[in-house]
Amino acid sequence: MAASRTILQGGAGTLSMSGALFAKNYGVGPRLPHDSMSATSWYKHFTTRGHIGPVVAIRANADASMIVTGGADFSVRVWHMNTTYEAYEVVAILNVDVPEDQLAHAEEAQSICNRLKEVFVPRQIKWEEEPKQGVTVVYPVCIQDTLGGGSYRNGPILCGTGHGSLHMLDISGLPHRAPEVRSWRGLHEGAILDIGAIVMRDEGGEVELLVMTTGEDKCSHMFRMKTSAQPRPTFFSGHGDKDGFVYKWFLGGGGRRELGEEMAKVKDRQDPSWLRFDSMVRHREPRKHENPLIEIHGLSRREDKQLTTFVGLTTSGMHLLNIDGEELHTLRVASTRSSRISIQGTVEAREVLLFAVGLEGRAPTSDGEENESPGRVGVWCLEDGVLARNDQDSGGITFMHPSEGPGGLLGGPTHRTEVEPLCIYDRAGGCFDVDRAGAATSFAVQLRPDKTTVDMWRLEVVPSQHLAILPDHPAQILVAPGKENTIQQLSHGATVWSLQTIDFNGAAVTTGCENGCAYCWDLDGVDKGQIYAEMRSLSMLELVLPPLVIFITSLQLLSFAFGPPPKSAEETEEHWATRTQHITVLGHDLFEYTVEELFWPKVKAVLYVIVGFFAIALGGLDEVMDGLVAKAYDLPLYKAEKLSIAPGHLLVKFLSAARGFVYLFAQLCSTVLVVPMMTALASSLHCVEHEGRLVVNSAPDYVCFQGAHLKLFLVLLLVVPLYLFLLVPFAVVFGDATYVPSTCMFEWKVWKKDNPWKHAAARKATTIHSAFLHVTPQFAFITAFVELVGKIVMPVGATLLMQDPLPQMIVVASTNFVMWFTTVLYAPYVDHKFCVVVQDCKLMIFLASLTGIYTVALNDTKTNKPMIALAVMVGMTFVMVMVKMCIVPSDRPVTVRIDADSLENQSVTGNALNDKTAERAPLLSAESKPELSKE
């Protein structure tokens, strides 16, 4: 029997039992050609893949390569790490127990008109006022082989709903077999609160688990689930041969033949086998408890009924249960009474630390009165299923073996004893979890009472890897109460409903929020305290703005490609003589101005924009606005209001709009405004000789480097270099100030491997799966940096060399060549078709600049040869793009969408479940293969 352990996953929820699902629009057969996906389906997928309500439950597998979320919108979403995109993408969506009114509301909310309305007026629903509904718990089965070098095996996904139903989703057969859905309806009266499991038998090819469910009806059910190993499913398709010369240089291949380091580690850890659901039968009759078990966690198999196998939780305390669900011990946090408690634990081969959190409540005092008690965290420890207690004589801990007398289990399992915690920390808050990465517990994360901030605080006196002699038990290096310190705070823009610590190449935590978003936060390393993954739908602006920015930038660069027209002596003299410009509408002059009158307003506008950018980059204006919005949401006035036009709501809307403007301003300063700003600054310093004086070309009345122009030159000398320096970290993340904290503004050593600017660029590229706009993570920094340099060099060179057309066009053409060749060497986007479009767009601009050189060299205003050359080059580029678009494979998303309610006639009630095993669904035949849902 292979040594194995169950990764602790928990939550609250329900399941239902039905036959395998083979509905035409929901099942999955062999992958169809991706090009058959319509634009409407593609848009619908990326804008509806996330939850539309609170993420009530969130759980991850062993290395967080798969995350399962359950929401109040009656859906379960399975997110898997796409190692090509280095981002999470939804691979399966299961809708369960959806009321008809909710279906109508969801269809109405997803209409084009409502989605356009939500761009400007987001919907606000106070979900805390809604009754418990939707999916309340998710539990992805994950078995880790302790002798297999850290590999793991994923299995079926269990979930529960507020209607007391239990559902099982098996996606192990993808893409050759449809997913299986089994359901037990009415298993509990009321919501299912949690699901736990332990491994009973592991024989490599077959694994048997003991599953326990708890509900609001104070009952617990136990089942034996049998699974069998099979090859690992394929969720994402490849692109064919990526190593060929044609692919690399002509079909958008670039240099992306290898995965990044982090993704390579994830892929190396993935075991080729998964666990396929076979059957599930009842282990024992339902057991009634004094209070509902809010949470349940399976530790490890203990056949001895006097040893702890499960850890349960009620409002009165934490209970240690044996393999039959009988209570052994009751654990309570001191000075709390009838307060909600949550538990978490770290599980290794033998040693377990248990943490119970008592929230604020009324506690009795010595004089019999009741006072408000602070939140507290109690800690207990287990070893081989035996509970430990403080030894007052030795000052250490001793273990209460069942064979002992006092303090043991006198009278057998039915005799319960209360054991005080080893230590108690005064920490107020809600959701709680601890480090899962190693044998020791180094930190804890806890939701603060404001429900939007997660605190990370240290539990170890000193990291275990720094000790010369390892302690006998991880409890021996816990920090003393009162000495724990908060390491960092993770601020969310919405109420946090669920969280779980994970180990994704380092410590991390994943959170589910009220706004339907799930986040992964990095807790160590260079990106400590930053979001590295988001699992949600894309907004319309996120799909429209990036292509619009690319289009505007291309037009800006293309404007420099044709070169200045040759001027005769008369035209040159007219240039200096014409000083007045007229604004005319319908033949009427509205007003007139001189070039000198326009010079200073233009320069001042650019300087004002730079000052505003400094307020964000150096003053942290974006962070200030984030704090103000968070405080506004936390105001009692806002929480008490019912109407969206009340003062508190109006304040939140105003501050949110102001924050949005700040972020949009930073994005514009780092993208589309760079070229016009550089052009204006270069024009203000472009000096030419006229009538024996060196004057400003755009304002001949001002003599260069004298008077007001000298002051302007000194100001620009101080401001512009700093602006260009600060522009780099913003430009490489496309102006998103979220990824540029003020603490890393001056980390300019980009040649170092752990440079924060490079990490920010890669994190921006991998935080969310951005469809065809997804930037290649390995080349995110270099492609954005070269783009920025081109947008600075080209307008400056074209403006300052205006009097020398040939050198001017050589500078422009050289810059365009570097920008195009960079996209060839380093593919800017993951999607091959969009990458081809961007590369050939750069090529067309470069060819246009070559036409400009040809025009200047001819110096003939009457010939049409340059226009013919330009038309030929544009035509060749267009034909080349069309051919490539036909050849290059498209990377279209493939997601299984399943409606469990369509299986109502195949479901069985929870009371009807007996020892008969559920039949496994047969493999799909060639005739019965369902259509692939390309959403």
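This is a predicted model: local features need pLDDT of at least 70, side-chain atom pairs count only at pLDDT 80 or more; totals for chains, interfaces and linings use all residues.

Q: Which residues touch the most other members of the largest nonpolar core?
A: I610, F613, Y723 and F730 do, in a core of 57 residues.

Q: And which helices each supply at least two residues of this core?
A: They are α8 (595–617), α11 (647–670), α12 (674–684), α13 (708–731), α14 (756–766), α15 (780–800) and α17 (832–858).

Q: Which of them gives the most?
A: Helix α8 does, with 11 residues.

Q: What lies apart from that core?
A: Another core, of 22 residues, lies apart from it; V68, A92, C159 and W274 are among its members.

Q: Turning to the whole protein, how many helices and strands are there?
A: The protein has 18 helices and 41 strands.

Q: What share of the residues is buried?
A: Of the 935 residues in the protein, 53% are buried.

Q: How much of the contact total comes from residues 24 or more positions apart?
A: Among contacts with a separation of 6 or more, such residues account for 68%.

Q: Now a sheet, please. What is the strand order in the open sheet of 4 strands?
A: The order is β10-β11-β12-β13, and the pairing is antiparallel. At the edges are β10 (192–202) and β13 (273–288), each of which pairs on one side only. Neighbouring strands of this sheet are turned by 20° against each other on average, with direction ignored.

Q: How many bridges join β10 to β11?
A: There are 9 bridges between β10 and strand β11 (residues 206–215), and the two run antiparallel.

Q: One last topic, C687. Where is it found?
A: C687 is in strand β37, which covers residues 687–690.

Q: Which residues does C687 touch?
A: Not counting residues up to four places away in sequence, C687 touches L694, V695, V696, C704, F705 and H709.

Q: And how far apart are C687 and V703?
A: C687 and V703 are 16 residues apart in sequence, and their C-alpha atoms are 8.5 Å apart in space.

Technical notes
Residues are numbered from 1 along each chain as its sequence is written. Side-chain values use heavy atoms; hydrogens and water are left out. Contact means heavy atoms within 4.5 Å. Buried means under 20% relative accessible area, exposed over 50%, partly exposed in between (1.4 Å probe, protein chains only). Two strands pair if DSSP finds at least two bridges between them. Axes are lines fitted to C-alpha atoms, for helices over the stretch in contact, and angles run from 0 to 180 degrees between N-to-C directions. A nonpolar core is a set of buried Ala, Val, Leu, Ile, Met, Phe, Trp, Tyr and Cys residues joined through side-chain atoms within 4.5 Å.
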